[in-house]
Amino acid sequence: MYQPTTEELKSIEEWFATYDALAEQGAIEQLADLAVFPMNVVTDVPDGHAAVRQWTRAEYIEAMRQSMGGGTAGLDLRSTRTPRFLSPNLAVVETEATMTIDGQDHQMHYADLLVRTEDGWAFQTMVQGGWGHGWDPAKRG
């Protein structure tokens, strides 16, 4: 297993600090600038099978507009992220988050594949269970 340096770990933390600040502002176009497209999106459908898609930049922006609205400002959101480097240029970052809405805690658990580009880290794959309603189940072959 690749062991990241302190600087490599710091670079992931800094990338997420930028991402979180943009998400708080609802700056969806700028969030899209932090990604590589087409983006892989992986989830599951209610019957328990996986579902996968590839989003264009426009599809990502539309999905984020629907889910984020004006941003995450004002939400009580707490996250713990665990980066797992596969190499100096590939990192899977697992996030456990709690969001409090109207006094109720909501747990989220997801992962992102970050890839190092010439311009720095970018996310290329998003994985989170439970939001594939209406998506076709994945098929092999």
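Is Arg 57 buried, partly exposed or exposed? I looked it up: Arg 57 is partly exposed, with a relative accessible area of 30%. For reference, buried means under 20% relative accessible area, exposed over 50%, and partly exposed in between (1.4 Å probe, protein chains only).

I note that the model is predicted: local features need pLDDT of at least 70, side-chain atom pairs count only at pLDDT 80 or more, and totals for chains, interfaces and linings use all residues. Residues are numbered from 1 along each chain as its sequence is written, and side-chain values use heavy atoms, with hydrogens and water left out.

**Entry: salt bridges**

I took a salt bridge as a side-chain nitrogen of Lys or Arg within 4 Å of a carboxyl oxygen of Asp or Glu. The count comes to 8 salt bridges.

I began with Arg 57. Its side chain meets that of Glu 29 in a salt bridge, at 3.3 Å from N to O. The pair links distant parts of the chain: Glu 29 is in helix H2 (residues 28-32), Arg 57 in helix H3 (residues 57-68), and they are 28 residues apart. Helices here are DSSP runs of H or I with at least four residues, strands are runs of E with at least two, and both are numbered from the N terminus. Glu 29 counts as partly exposed at 36% relative accessibility. I also found a network of salt bridges that links Glu 29, Asp 33, Arg 57 and Arg 65.

Next I checked Arg 81. Arg 81 bridges to Asp 20, with the closest N and O atoms 3.0 Å apart. Arg 81 lies in strand S3 and Asp 20 in helix H1 (residues 6-25), so the pair ties together parts that are 61 residues apart in sequence. Arg 81 is partly exposed at 23%, and Asp 20 is partly exposed at 32%.

Then came Arg 84 and Glu 94, a salt bridge with its closest N and O atoms 3.5 Å apart. Arg 84 is in strand S3 and Glu 94 in strand S4 (residues 90-101), 10 residues apart.

**Entry: helix H3**

I checked the length of H3. The expected span is 1.5 Å times one less than the number of residues. For the 12 residues of H3 that should give 16 Å, and the end C-alpha atoms are 16 Å apart, which agrees.

Which residues of H3 are buried? I listed Tyr 60, Ile 61, Ala 63, Met 64 and Met 68. Seen down the axis, the buried residues of H3 fall within an arc of 165°, so they line one face of the helix. The arc is that of the directions from the helix axis to the C-beta atoms. An α-helix has 3.6 residues a turn, so residues three or four places apart point the same way. Ala 58 and Gln 66 are exposed on the other side of H3. The buried residues of H3 pack against H1, H2 and strands S1 (35-44), S2 (50-55) and S6 (120-128), where contact means heavy atoms within 4.5 Å.

**Entry: helix H1**

I repeated the check on H1. Its buried residues include Trp 15, Phe 16, Tyr 19 and Leu 22. Gly 26 follows H1, and its phi is positive, near 75°.
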